[in-house]
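Reader: I would like to go through this model with you. Could we begin with the overall layout?

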Amino acid sequence: MSLNPGPIVMHGLINTSIQTFLIGNYGTAVWLDVATEIGIPPEGYEAMLTYDHSHTDALLAAASTRLNKPRLGFLEDLGAYVAMIEPVRRLLRFSGPDYPEFLLSLNEMQGRAQMALPDLEMPELTCSLEHVGVYRLSVHSKMLGWGAAMTGLVRAMADDYGALAFIEYLDHVQDRGGVCDDQMVQEDVLVTLLEESFAEGRSFDLAAPAGRV
């Protein structure tokens with residue numbers, strides 16, 4: 001992703017993920033309340049279309065209000081949910097044999113995602129080892145909240161690998177939500193790895209089970 005500002009177009013996959021998360025975790029009635037609030041049909045969004053960023057911003061605002069949850073807290077929960085969708089989880093686990101390797105592989109996530117879906121607006125991710133056991137994930141985007149979503153994702157993946165880690169979202173911009181007037185912002189996630197093999201991780205094989213992806 002270029003650091004030059006430009007129009008923000010969100011892939012429908014982002015909006016449908018939020019829709020699926022709401023239905024799966026809070027029920028259809030909550031989704032219908034949110035859809036009514038933002039004026040979209042009950043069936044929601046088309047995954048392979050693109051939408052102006054205002055759709056996503058309105059969707060997040062309505063969902064956070066309906067659930068009485070801060071926007072960043074909602075996005076952190078969403079990130080954890082996305083990491084547990086089995087095809088996504090498999091792609092993430094394929095990135096590295098252990099949790100430290102997974103963290104460093106996040107540097108390539110934007111490129112890999114956009115090879116598959118060129119229209120997918122993804123943040124630029126930079127993960128580096130600050131000192132032994134401490135990683136800093138920097139998230140650059142034009143829409144606040146990607147850092148919170150990545151916090152949920154890396155926390156869920158720590159559990160998946162069986163690692164014990166203290167994960168902190170460093171909120172440089174406060175919970176003001178929305179688009180940053182087409183200016184790039186940086187959100188940081190600090191990961192302190194306390195024990196790489198604290199518990200048995202979830203089972204994972206490189207070869208997908210028959211009939212699954």
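This is a predicted model: local features need pLDDT of at least 70, side-chain atom pairs count only at pLDDT 80 or more; totals for chains, interfaces and linings use all residues.

Reader: How many helices and strands does the protein have?

Author: The protein has eight helices and six strands.

Reader: And what share of the residues is buried?

Author: Of the 213 residues in the protein, 46% are buried. The accessible surface comes to about 10600 Å², and carbon and sulfur atoms account for 55% of that surface.

Reader: Let us turn to helix α8. How far does α8 reach from its first C-alpha to its last?

Author: Helix α8 covers residues 146-161, 16 residues in total, and reaches 22 Å, close to the 22 Å expected at 1.5 Å a residue.

Reader: Is α8 largely enclosed or open, and why?

Author: Helix α8 is largely enclosed by the rest of the structure, because 14 of its 16 residues are buried.

Reader: What comes just after α8?

Author: Gly162 follows, with a positive phi of about 85°.

Reader: A change of topic: at what angle do the axes of α1 and α2 cross?

Author: The axes of α1 (residues 12-26) and α2 (residues 28-38) cross at roughly 140° and come within 7 Å. That angle makes α1 oblique to α2.

Reader: Which residues make the contact?

Author: Helix α1 contributes Gln19, Leu22, Ile23 and Tyr26, while α2 contributes Thr28, Val30, Trp31 and Val34. By class, six of the residues in this contact are nonpolar, two are polar and none is charged.

Reader: Finally, what percentage of contacts between residues at least 6 apart in sequence join residues at least 24 apart?

Author: The figure for the protein is 73%.

Note on methods: Residues are numbered from 1 along each chain as its sequence is written. Side-chain values use heavy atoms; hydrogens and water are left out. Helices (H or I, at least four residues) and strands (E, at least two) are DSSP runs, numbered from the N terminus. The expected span of a helix is 1.5 Å times one less than its number of residues. Buried means under 20% relative accessible area, exposed over 50%, partly exposed in between (1.4 Å probe, protein chains only). Axes are lines fitted to C-alpha atoms, for helices over the stretch in contact, and angles run from 0 to 180 degrees between N-to-C directions. Angles under 35 degrees count as roughly parallel, over 145 as roughly antiparallel, 65 to 115 as roughly perpendicular and the rest as oblique. Contact means heavy atoms within 4.5 Å. Ala, Val, Leu, Ile, Met, Phe, Trp, Tyr, Cys and Pro count as nonpolar, Asp, Glu, Lys and Arg as charged, and the others, Gly among them, as polar. Accessible areas come from the Shrake-Rupley method with a 1.4 Å probe; for residues, only the protein chains shown count as cover.
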